[in-house]
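Colleague: Please take a close look at a single part of this model for me. Pick one residue, then show me its surroundings.

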Amino acid sequence: MDLFFSFIVPVYNRPNEIEELLESLSLQDYDKSFEVVIVEDGSSESSEDIVEKYKDKLTITYLKKKNSGPGDSRNYGMKRARGNYFIVLDSDCIIPSQYLSVVEKSLANEYVDCYGGPDAAHSSFTSVQKAINYAMTSVFTTGGIRGNKRAVGKFQPRSFNMGISKVAFEKTLGYGNIHPGEDPDLTFRIWEAGFETKLIEDAYVYHKRRIDWNKFYTQVNKFGMVRPILNHWHPDSAKITYWFPTLFCFGFIVAIALLVLGELWPISIYALYFGLLFVHSLMVNKNVKVASLSLVAAVIQFVGYGFGFFKNSILIALSNKKPEELFPKLFFKTM
């Protein structure tokens, strides 16, 4: 199949990020044509001037629309793109120069209509960014399934680094209006439509995640909140592993209570786990500060996701309302 790639990038008030992304795309070692579609999602801080700077280096289509969320913006871009294979990126990504060459080679060897790639921490990232990246990708946290070939279960692409054919997009109608959670929802519908997905391990991106600890908690809490909705929509996708962060949190509370009563072994298990996490992060990042901050990131991840998942699981189980009615803040109004 003769592939023509279209990068689809929604952006909301992030002109500086777009400049870094476009610069990295202009340095691709790929020797064929490709296009970049930037979708301005109702931003008050326009990226138009930044895009203009790169029109001599890249084939760029710049689109503006009212704010309707990243999922709808990706659909908007894919409907107007010229390619037959779309690559969806987040605006806070930096793309290695070999990325497109790796993707084309992998699809030539084993074609699928949807793939995902992992995210990595660039050497320029701050210690907090590297710690968050570790928590979001490590097999010892909830992040393993996001970008590791040893992840448990079928690989689920994520839209910070996700490819989807035009055929699969048209058959599934693209992303829904839930956010976050629009990417696993689309993946499940891709599978239900009979298409295959795979991980291209070498097609990684540097995902900056410009967030502080409070924003990180809000993000992972929302991830936990949307998972019960996805389980409700796609019952076959539900796994016991989604309960692990909740059980981890309640188990820790029990361990503290038993410690007060003189029982040391439960809290010792947690101490062993955090010791393992520290050593593994130290091996991966080769930095004591990052390894220490990785423990903070992991705790925030487990607490935020765990309690978000537990609360919404209970609410969905006890209510007859649709998720859109129960949790309106997790849904965008599409165009």
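Modeller: Phe-307 lies in helix H12. Helices here are DSSP runs of H or I with at least four residues, strands are runs of E with at least two, and both are numbered from the N terminus. Keep in mind that this is a predicted model: local features need pLDDT of at least 70, side-chain atom pairs count only at pLDDT 80 or more, and totals for chains, interfaces and linings use all residues. Residues are numbered from 1 along each chain as its sequence is written, and side-chain values use heavy atoms, with hydrogens and water left out.

Phe-307 counts as partly exposed because its relative accessibility is 32%. The classes are buried (under 20% relative accessible area), exposed (over 50%) and partly exposed (in between), with a 1.4 Å probe and protein chains only.

Now look around Phe-307. Phe-250, Ile-253, Phe-307, Phe-310, Ile-314 and Leu-318 make a nonpolar surface patch of about 530 Å². Accessible areas come from the Shrake-Rupley method with a 1.4 Å probe; for residues, only the protein chains shown count as cover. Patch residues have over 30% relative accessible area and no salt bridge; nonpolar side chains (Val, Leu, Ile, Met, Phe, Trp, Tyr) are joined within 5 Å, like charges within 9 Å. A salt bridge puts a side-chain nitrogen of Lys or Arg within 4 Å of a carboxyl oxygen of Asp or Glu.

Which helices supply the patch? Helix H10 (244-260) and helix H12 (288-318) each give at least two residues. H12 provides the largest share, 4 residues.

For contrast, turn to helix H3 (residues 70-80). There, 9 of the 11 residues are buried. Among them are Pro-70, Tyr-76 and Met-78.
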